Amino acid sequence: MMSKQKRIFTCSECGYKTSRWLGQCPDCQNWNSFTEEIVEGNSLKSGRRSKKLHTESLPKVIALHTVDPMSDIRIETGIDEFDRILGGGIFKDSLVLIGGEPGIGKSTLILQVADNLSKAGRKVLYISGEESPYQLKDRSKRLGLDSRNIFILNEIEMKKIESALNTIQPEILIVDSIQTVYFNEIDSIPGSVSQIREVTARLMYIAKSLGITIFIIGHITKGGVIAGPRILEHMVDTVLYFEGDRDNYFRLLRSFKNRFGPTNEIGMFEMTGAGLKEVKDISQILISNSDAQLPGVVLTSVFEGSRCLIIEIQSLVTPTSFGMPRRLSTGIDFNRFTLMVAIIEKKIHIPLQTMDVFLNVTGGLKVKEPALDLAILTAITGAFKDQKFPEPTIVLGEVGLNGEIRPVSRVEDRIRAGKRQGFNNFIVPNRNKKGLKNFNSKGLKINYVSYVSNIFQFIN
Ligand code: TYD
Ligand code: MG
């Protein structure tokens, strides 16, 4: 049967398909994300419609219980933070996506990982579609790497990459970046949805059939304009995303999806003159100054995977000079923030309607947890009233629409995390009190609150 060509439009963010161009994706709500693709006709469809099963050749089917367990199924990179978020090293033959904004440090990290692996005697093939071998060499010199077992290929056509794989026979393959690699047969530009999808599907096949562990680097922008990683998420085994401010040296690597390990674990790094370094003492980055108490600055805790971090929320409130009052939050869920502003107006009777309100989390972290509510609210009211805690105090609590304070999860862990970092004062929801009955609070000052206005006894 002749195959027919058909035009379709695909959302580059979530992969939603439609027969005509749309301004906004009905599925993921992103604007201007549709790109045109040409698909080959009906072969799949007719295959799907067929009432008979295919009987052409018998593929190899094995019983699960006869599968030999691999003995060393994980490869450790020696970079502890990286191994940890992967669940104790890279799972062999898996396909790992590392995504993040351009310039955040993806190539730097992967080169450091590659170097460690090559030192352990593993052969690495590095497909570099963005940088020349000289640029890579320059970077590796800067990072102080030796990289004897790393082979560079400056080629972006999939067929040529496959021949190189055949010749070099690496254990590890790095594709930097997925947006640059393409199949000649596909009639769209590198980085388009169809190219990315086909290349990734092929890489998945290569990983599983040849037993090669593959890292894919993918760029995403804040606005999500560039096609790619969002579609890839479904296809790969593991997705790691880089977070952090490019202007800030702190970098966070988060496991967003992991078929072979925990999700939402974070690894913490710092960008230095000699590449990414693991951060052991995170508090230095997340807390600006734990000695001096300032109005509008409130300490609280947040869970990132299994880790409980003590973080600092800062607010600034100034009179609106013109037009609509401004609301700006960096690192904190905007809806939660505006909800707290509304509760302050309604329940604490502070006229924020005529005020610009800014909110920020120190260190470039992105946090989202209801347990932060009370800290957000306290930061804003403190900034408005110019009031502060006399001593460093960790504030915990979810706030309900009527201003009531709701309990937080894992309250003991949160208090312990604060104590470990030398904090002794805590404000905790009254409804967590029962749960803390057997908690050893020796040396700690724990105050309980049940309504938002209760907070004012503690700041002045
Ligand atoms: P890079 O790894 O090229 O980012 P990506 O691959 O995600 O686009 O990182 C580039 C940035 O990192 C660049 O701004 C320079 C900085 N950098 C350092 O600060 N120190 C270093 O040792 C290296 C290699 C890069
Ligand atoms: Mg790069």
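Visitor: How far is the backbone N or O atom of Gly103 from an oxygen atom of ligand 1?

Guide: In this predicted model, a backbone N or O atom of Gly103 lies 2.6 Å from an oxygen atom of ligand 1.

Visitor: And what about the side chain of Ser107?

Guide: An N or O atom in the side chain of Ser107 is 2.7 Å from an oxygen atom of ligand 1. A backbone N or O atom of Gly273 also lies 3.1 Å from an oxygen atom of the ligand.

Visitor: How much of ligand 1 does the protein bury?

Guide: The protein buries 76% of the 560 Å² that ligand 1 exposes when taken alone.

Visitor: Which elements give two or more residues to the shell around ligand 1?

Guide: They are helix H3 (106-119), helix H4 (133-142) and strand S13 (266-272). H3 provides the largest share, with 3 residues.

Visitor: How many residues surround the ligand, and which are the closest?

Guide: Ligand 1 is surrounded by 17 residues, and the closest are Gly103, Ser107, Thr108, Arg139 and Gly275. By class, the shell has 5 nonpolar, 8 polar and 4 charged residues.

Visitor: Let us change topic to strand S6. How many of its residues are buried?

Guide: Strand S6 (residues 95-100) is mostly covered, with 6 of its 6 residues buried. Leu95, Leu97 and Gly99 are buried on one side, and Val96, Ile98 and Gly100 are buried on the other.

Visitor: Which strand pairs with S6 over 6 bridges?

Guide: That is strand S10 (residues 213-219), and the pairing is in the parallel sense. Within it, Gly100 has His219 as its bridge partner.

Visitor: What joins S6 to strand S11?

Guide: S6 and strand S11 (residues 238-243) run parallel and are joined by 4 bridges. In S11, Thr238 stands opposite Val96.

Visitor: One more topic: why is helix H10 described as largely enclosed?

Guide: Of the 13 residues of H10, 11 are buried, so the helix is largely enclosed by the rest of the structure. Among the buried residues are Asp373, Leu374, Ile380 and Ala383.

Visitor: What span should H10 have, and how far apart are its end C-alpha atoms?

Guide: Helix H10 (residues 373-385) has 13 residues and, at 1.5 Å a residue, should span 18 Å. Its end C-alpha atoms are 18 Å apart, so the two values agree.

Visitor: Which residue takes a positive phi just after H10?

Guide: That residue is Asp386, with a phi of about 60°.

Notes. Residues are numbered from 1 along each chain as its sequence is written. Chains are lettered from A and ligands numbered from 1 in the order in which they are written. This is a predicted model: local features need pLDDT of at least 70, side-chain atom pairs count only at pLDDT 80 or more; totals for chains, interfaces and linings use all residues. Side-chain values use heavy atoms; hydrogens and water are left out. A residue is near a molecule or strand if one of its heavy atoms lies within 4 Å of it. A polar contact is a pair of N or O atoms within 3.5 Å; within protein, one must be able to donate a hydrogen and the other to accept it, and residues adjacent in sequence count only if both atoms are side-chain atoms. Accessible areas come from the Shrake-Rupley method with a 1.4 Å probe; for residues, only the protein chains shown count as cover. Ala, Val, Leu, Ile, Met, Phe, Trp, Tyr, Cys and Pro count as nonpolar, Asp, Glu, Lys and Arg as charged, and the others, Gly among them, as polar. The expected span of a helix is 1.5 Å times one less than its number of residues. Buried means under 20% relative accessible area, exposed over 50%, partly exposed in between (1.4 Å probe, protein chains only). Two strands pair if DSSP finds at least two bridges between them.
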